[in-house]
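Please have the structure open as you read.

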Amino acid sequence: MAANRSAILLAAVLVALLPAALCQKAAPAPEAATPAAPNVTAVLEKGGQYTKFMRLMKSTQQDTQLNAQANGSDTGFTVFAPTDNAFDSLKAGTLNSLTQQEQVSLVQAHILPTFYSMESFETASNPVRTQASGADGPYTVNVTATSNSNVNVSTGLVSTLVGTALRATKPLAVYSIDKVLLPYDLFGPKPPASSPPAPGKKPASATKGGVAAPAGSEEEEAPPAGAAAAVGAGWSLAAVVAAACLL
């Protein structure tokens, strides 16, 4: 009897609580986390071995410029980040020999104005334009997939494999590389200087009043002063003889 009363009481409690449970709103699902704004400096700092590239980007203000351009970009950007060892492998004085504008171009030659995943590199149309440009147009690189599914990037002077992806979320991809991409436009062979005139070449014919004297002119074939005097004296003697004959 007591058991029946307990069961009835429990049922009554459940019936009383049921409407409240039905009216209670479901808890909202947590919102998806908003991706952080792209920051190439933070990516390189996290990588831990890109101090010299970071320093070069900062001195040329390309870090702040890239962050501003990448934020909200539809096409995105791709950065090839040389390691500190890559800069250590450069010939001494390589960076110091560049002007400030050439250092800007060097950094920009490591930035593509398009987001590339490792898979999309395989279908890239070469040559691929970089952010750098000069008198002959934009600096370019060639990106090719190797037979063992690696990706190679080349400037014509330097070729290296594309390494670990430090970030691969659109709009910014950052890939580690083991060499500094020296642009052909900056470090390629320069055209030879124009040759000086051959030794022993005679100067142009003398001029008078800015006009060249014609061949056979009086100035060119005038007889010596002594010869002219002798001719004059001969004509004078002939005149004297002729006058004497008339007397």
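Predicted model: local features only at pLDDT ≥ 70, side-chain atom pairs only at ≥ 80, totals over all residues.

Residues are numbered from 1 along each chain as its sequence is written, and side-chain values use heavy atoms, with hydrogens and water left out.

A cavity is a set of points on a 1 Å grid over the protein atoms alone where a 1.4 Å probe fits but cannot get out, while a pocket is an open set with protein on both sides within 12 Å along at least five of seven lines; lining residues have an atom within 4 Å of a point. Volumes are the space filled by probe spheres set on the points, which are joined across faces, edges and corners. The structure holds 2 cavities of 30 Å³ or more.

| Space | Volume | Largest share of lining |
|---|---|---|
| Largest pocket | About 180 Å³ | α7 (residues 184–187), 3 residues |
| Largest cavity | About 40 Å³ | β4 (137–145), 3 residues |
| Second largest cavity | About 40 Å³ | α4 (residues 62–70), 4 residues |

Helices (H or I, at least four residues) and strands (E, at least two) are DSSP runs, numbered from the N terminus.

Around the largest pocket you will find G134, A135, D136, Y139, Y184, D185, L186, G188, P189, K190 and P191. That lining has 6 nonpolar, 2 polar and 3 charged residues, where Ala, Val, Leu, Ile, Met, Phe, Trp, Tyr, Cys and Pro count as nonpolar, Asp, Glu, Lys and Arg as charged, and the others, Gly among them, as polar.

Glutamines feature in the second largest cavity, whose lining is Q62, Q65, L66, Q69, Q108, I111 and Q131. Here the classes are 2 nonpolar, 5 polar and no charged residues.

**A helix pair**

The axes (lines fitted to C-alpha atoms over the stretch in contact, with angles from 0 to 180 degrees between N-to-C directions) of α2 (residues 40–47) and α3 (residues 51–59) come within 9 Å and cross at roughly 160 degrees. The two helices are therefore roughly antiparallel, a label for angles over 145 degrees. In contact (heavy atoms within 4.5 Å) are V40, T41, L44 and E45 of α2 with F53, M54 and M57 of α3. These residues divide into 5 nonpolar, 1 polar and 1 charged.

Notes:
Parallel < 35°, antiparallel > 145°, perpendicular 65-115°, else oblique.
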